[in-house]
Amino acid sequence: MKTKDKKSIIILTVLALILITSFLFIGVNSVNFKYALYRRIPKIYAMILTGAAIGFSSLIFQTVTNNRILTPSILGIDSLYVLLQTTIVFLLGSSSAIISNGNINFIITIVSMLLFSSLIYKFIFKKGSKNIFTLLLVGVVCGTLFESLTTFMQVLIDPVEFQVVQDKMQASFNNINTDLLFVSSIVIILCIGYVYDYLKILDVMSLGRDEAINLGVDYDKMVKKMLIVVVLLTSVATALVGPITFLGLLVVNIARQVISSYKHSTLGIGTILISIVALIGGQLFVEQVMNFGVSVSVIINFIGGIYFIYLVMKERNR
């Protein structure tokens with residue numbers, strides 16, 4: 001690791017620790033100490049898990065697609081999550097156990113996302129078909145379809161129950177289901193650990209498909225493996241806290257600006273740290289400045305949307 005990158009990693013680590021400490025102890029006194037930590041520690045842990053999952057999966061996805069303005073949300077996973085929650089409330093009502101019981105909702109959401117992705121992969125990567133851009137196109141079409149169906153049901157739904165759907169549409173760290181943190185931790189750690197053995201291959205894949213194949217990489221097989229990991233990480237993060245569409249785009253591109261190395265081992269650490277800084281910093285802003293007036297996903301999506309437009313304009317000029 002270069003000296004410059006080491007300094008950047010150290011600075012990001014210190015900044016993340018400062019924000020974590022601030023989040024834990026702002027407004028805490030001897031009276032509310034235990035209660036405050038009881039409420040805040042699960043939030044911090046959920047933000048670390050979510051940041052790691054979304055940031056790392058977006059880095060892998062951009063390498064696989066060889067495009068720096070794409071994120072896993074283009075596969076339609078976020079839209080599917082919102083459609084699932086809307087459909088459950090529309091058909092069964094907000095008092096249904098599937099909505100009120102976080103564990104059941106989490107399992108159904110994960111299974112549905114994985115099933116959808118498996119069907120898409122089986123359809124796209126059938127024998128003789130190896131074009132990842134077809135997968136992206138199908139993902140965009142499915143995402144648009146899901147959004148249209150969601151909007152249709154939301155127009156017909158009862159206004160009181162629509163509030164429940166609206167809460168599900170935005171990522172929130174205020175009411176984390178602690179029972180899900182352990183399962184989410186295992187899945188995310190296993191996924192990142194699995195990819196660790198392939199980081200050097202991802203370094204080669206970042207050169208492009210033709211160059212990677214010439215250097216001996218089984219490109220299509222690696223793409224399939226990495227896409228499965230991307231879907232797992234994105235699904236777990238989305239089911240745990242809700243969709244944060246532009247977080248991956250924002251943190252990965254910032255990491256590429258801060259970290260000069262092309263190595264995914266270094267970029268991955270930088271991306272995860274920037275994700276943690278973005279989420280905890282955003283949550284601090286929401287709680288201390290906005291007084292819970294908006295959710296952290298709204299702030300991140302607003303900044304990320306502007307940054308996305310900047311990247312598109314930059315690429316067009318280039």
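The model is a predicted one, in which local features need pLDDT of at least 70, side-chain atom pairs count only at pLDDT 80 or more, and totals for chains, interfaces and linings use all residues. Residues are numbered from 1 along each chain as its sequence is written, and side-chain values rest on heavy atoms, with hydrogens and water left out.

Buried stands for under 20% relative accessible area, exposed for over 50% and partly exposed for values in between (1.4 Å probe, protein chains only). Among the buried residues of helix 12 are Leu247, Leu250, Asn253 and Arg256.

Asp5, in helix 1 (residues 3-25), is also buried, at 0% relative accessibility. Its side chain reaches the backbone nitrogen of Ser260 at 2.9 Å. Leaving aside residues up to four places away in sequence, Asp5 touches Val258, Ile259, Ser260, Ser261 and Thr266, a contact being heavy atoms within 4.5 Å.

Salt bridges come next. The structure holds 2 of them, each defined as a side-chain nitrogen of Lys or Arg within 4 Å of a carboxyl oxygen of Asp or Glu. In one, the side chains of Lys43 and Glu287 meet at 3.0 Å, N to O. This pair links distant parts of the chain, with Lys43 in helix 2 (residues 33-65) and Glu287 in helix 13 (residues 264-289), 244 residues apart. Lys43 is buried at a relative accessible area of 9%, and Glu287 counts as buried at 13%. Arg209 forms a salt bridge with Asp220, with 3.1 Å between the closest N and O atoms. Here Arg209 belongs to helix 10 (residues 209-214) and Asp220 to helix 11, 11 residues apart. Arg209 is partly exposed, at 35%, whereas Asp220 is buried, at 17%.

Turning to the rings, the structure holds 2 aromatic pairs. Rings of Phe, Tyr and Trp (its six-membered ring) pair if their centres lie within 6.5 Å, and planes under 30 degrees apart count as stacked, over 60 as edge-to-face and the rest as tilted. The ring centres of Phe116 and Phe146 are 5.3 Å apart with planes at 65 degrees, so this pair is edge-to-face. Phe116 sits in helix 5 (residues 102-124) and Phe146 in helix 6 (residues 132-156), 30 residues apart, and both are buried. For Tyr194 and Tyr198, the centres are 5.2 Å apart and the planes at 55 degrees, so the pair is tilted. Tyr194 is partly exposed at 35%, while Tyr198 is buried at 18%. Lys225, a residue of helix 11 (residues 219-241), touches Tyr194 and Tyr198, not counting residues up to four places away in sequence. Lys225 is partly exposed, at 23% relative accessibility.

Finally, a search of the whole structure finds 0 disulfides, meaning pairs of cysteine sulfur atoms within 2.5 Å. Cys142 is buried at 15%, and Cys191 is buried at 7%.

Key
Helix = DSSP H or I, 4+ residues; strand = E, 2+ residues; numbered from the N terminus. Polar contact = N/O pair within 3.5 Å; in protein donor to acceptor, adjacent residues only side chain to side chain.
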